[in-house]
Structures are given as C-alpha cells and as structure tokens.
Amino acid sequence: MCSRTRANARFNQSHVKENLKREDTIQAIEMELERWRKLLTYNIALKFIDATARRKINDRERKQMDYEVKMIRQSAMKELFETEYQQYLEELHMQGKTFHKERI
C-alpha cells in the first residue's frame, strides 16, 4: 500500500502541476484578451475622433470657401456697379446734365 500512496502522491503532484500550468495559461490568455479589448476600444474611439475631426475640418474648409466666394462676388458686384455708375455719368455728361454731389 505504501507504493500506491506514493503513486497517488506523485499523481496528485503532477495533477496539481498540470492544473497550475493550465491556470497560468488561462490567466495569460485572459490578460491577452483584455489587452486586445482595450486596443479595440481605443481604436474605435480613435476612429470616432478621427471622423469627428475630419467633419470639423471639412466644415471649416467649406465655410472658408463660402467666405472666399462671397468676397469674390462682392468685389465683382462692386466693380460692376462702379463701371455702370461711370457709364451713367458719361451718358449724363453727353446729354449736358450733371449728377448732383453734396459736399460735406
């Protein structure tokens, strides 16, 4: 019986060692999974932030382009009005009339 007890003790020790190795392996896998979860969460957050930043940049660029178009239109209209005004003054001058200007 003594040999059986020794055999059982060896079996129990090897069984315990195997269980410890399995637990260590499981723990390592769980740690790796947690690391991957954190990375995925971080990447999803970065994608959201990146999309938001792109949207803001696009909005700023669109507003800047709208402003530039507005300024070009204003300058074109100003130039058009000035040339029309000059033509009107020339027509009045040809008719012998003047445009009343009040001096301040």
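The side chains of arginine 35 and glutamate 32 meet in a salt bridge, with 2.7 Å from N to O; the term stands for a side-chain nitrogen of Lys or Arg within 4 Å of a carboxyl oxygen of Asp or Glu. Welcome to a predicted model, in which local features need pLDDT of at least 70, side-chain atom pairs count only at pLDDT 80 or more, and totals for chains, interfaces and linings use all residues. Residues are numbered from 1 along each chain as its sequence is written, and side-chain values use heavy atoms, with hydrogens and water left out.

**Overall build**
- The protein has 1 helix and 0 strands; these are DSSP runs numbered from the N terminus, with helices (H or I) of at least four residues and strands (E) of at least two.
- Of the 104 residues in the protein, 2% are buried; buried means under 20% relative accessible area, exposed means over 50%, and partly exposed lies in between (1.4 Å probe, protein chains only).
- The accessible surface of the protein comes to about 10,700 Å², and carbon and sulfur atoms hold 58% of that surface; such areas come from the Shrake-Rupley method with a 1.4 Å probe, and for residues only the protein chains shown count as cover.

**Around arginine 35**
- Arginine 35 and glutamate 32 are 3 residues apart in helix α1, so about one helical turn separates them.
- Arginine 35 counts as partly exposed at 42% relative accessibility, and glutamate 32 is also partly exposed, at 35%.
- Arginine 35 has a neighbour on another side chain too: its charged end sits over the ring of tryptophan 36, 5.6 Å from the ring centre. A charge sits over a ring if NZ of Lys or CZ of Arg is within 6 Å of the ring centre and within 35 degrees of the ring normal.

**Other salt bridges**
- Across the whole structure, a search finds 5 salt bridges.
- Aspartate 50 pairs with arginine 54, and their closest N and O atoms are 2.3 Å apart.
- Because aspartate 50 and arginine 54 are 4 residues apart in helix α1, they are separated by about one helical turn; aspartate 50 is partly exposed, with a relative accessible area of 35%.
- Aspartate 59 forms a salt bridge with arginine 62, at 3.7 Å between the closest N and O atoms, and both residues lie in helix α1, 3 residues apart.
- Aspartate 59 is partly exposed at 33% relative accessibility, as is arginine 62 at 44%.
- A network of salt bridges links Asp59, Arg62 and Asp66.

**A nonpolar patch**
- Met77, Leu80 and Phe81 make a nonpolar surface patch of about 290 Å². Patches consist of residues with over 30% relative accessible area and no salt bridge, joining like charges within 9 Å and nonpolar side chains (Val, Leu, Ile, Met, Phe, Trp, Tyr) within 5 Å.
- Leucine 80 belongs to helix α1, which covers residues 2-95, and is partly exposed with a relative accessible area of 39%.
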